[in-house]
Amino acid sequence: MSETIAPNKVVAINYAVKTEDGQTLDESKDGSPLNFIHGRGMLIPGLENALEGKSVGDSFTAEVKPEEAYGERHDGLIQTVPRNLFGENEVQPGMQFRASTDQGEQSVVIVDVKDEEVTVDGNHPLAGVNLNFDVEVLEVRDATEQELEHGHVHTEGEDH
């Protein structure tokens with residue numbers, strides 16, 4: 001009987017994630033599966049929930065709603081700020097910056113640039129997006145004490 005995915009298990013998966021319209025956003029590359037310690041918040045909650053109880057050899061699809069992924073979009077996270085906040089930096093739509101906010105450091109994407117103003121969006125780029133995962137479970141094992149202590153998977157021969 002193979003082990004099932006549960007908290008503090010090391011898991012290796014091959015995956016592809018797509019939007020509802022079929023655009024591939026990310027995927028594991030041949031021979032490079034995603035390795036992680038389950039239950040440590042390394043994956044979005046919806047994917048972790050879908051993996052719970054699965055075993056080596058299981059292949060499945062999972063639709064993950066925004067509330068279990070990167071959250072819903074919030075219009076309040078879009079704001080226009082003075083251009084001079086960016087100093088001498090070149091700014092163009094699509095560029096990402098780290099911004100200091102009342103809630104701490106936050107990533108923002110520039111959505112519009114005018115002479116004196118820049119519009120930034122603090123929403124995660126995948127906020128409000130339904131995600132569709134194709135997953136194949138390749139490995140499930142107990143995490144070592146060192147992996148649990150360090151908070152990440154060690155590859156063979158690595159112990160830093």
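Residues are numbered from 1 along each chain as its sequence is written, and side-chain values use heavy atoms, with hydrogens and water left out. In this predicted model, local features need pLDDT of at least 70 and side-chain atom pairs count only at pLDDT 80 or more, whereas totals for chains, interfaces and linings use all residues.

The protein chain is assigned domain 1 (4-70 + 127-150) and domain 2 (75-121); such bounds come from an automatic or database domain assignment. The C-alpha centres of domain 1 and domain 2 are 32 Å apart.

The largest pocket has a volume of about 270 Å³. A pocket here is an open set of points on a 1 Å grid over the protein atoms alone, where a 1.4 Å probe fits, with protein on both sides within 12 Å along at least five of seven lines; lining residues have an atom within 4 Å of a point. Points are joined across faces, edges and corners, and the volume is the space filled by probe spheres set on them. Of the 15 lining residues, Gln-79, Ala-99, Thr-101, Val-108 and Val-120 lie nearest the centre of the largest pocket. Strands β5 (78-82), β6 (96-101) and β7 (104-113) each supply at least two lining residues, and β6 gives the most, with four. Strands are DSSP runs (E, at least two residues), numbered from the N terminus. The lining comprises eight nonpolar, seven polar and no charged residues; Ala, Val, Leu, Ile, Met, Phe, Trp, Tyr, Cys and Pro count as nonpolar, Asp, Glu, Lys and Arg as charged, and the others, Gly among them, as polar.

The second largest pocket holds about 210 Å³. Its lining has 13 residues, with Tyr-15, Val-17, Asp-26, Tyr-70 and Phe-133 closest to the centre. Two or more residues each come from β1 (9-19), β2 (24-27) and β9 (131-142). By class, this lining has twelve nonpolar, no polar and one charged residues.

Lys-9 lies in strand β1. Lys-9 counts as buried because its relative accessibility is 14%, where buried means under 20% relative accessible area with a 1.4 Å probe and protein chains only. Its side chain makes polar contacts with the side chains of Glu-3 (2.3 Å) and Asp-142 (2.5 Å). A polar contact is a pair of N or O atoms within 3.5 Å; within protein, one must be able to donate a hydrogen and the other to accept it, and residues adjacent in sequence count only if both atoms are side-chain atoms.

Asn-123, in the loop between β8 (117-121) and β9, is also buried, at 5% relative accessible area. The side chain of Asn-123 reaches the backbone nitrogen of His-74 at 2.8 Å.

Note on methods
Buried means under 20% relative accessible area, exposed over 50%, partly exposed in between (1.4 Å probe, protein chains only).
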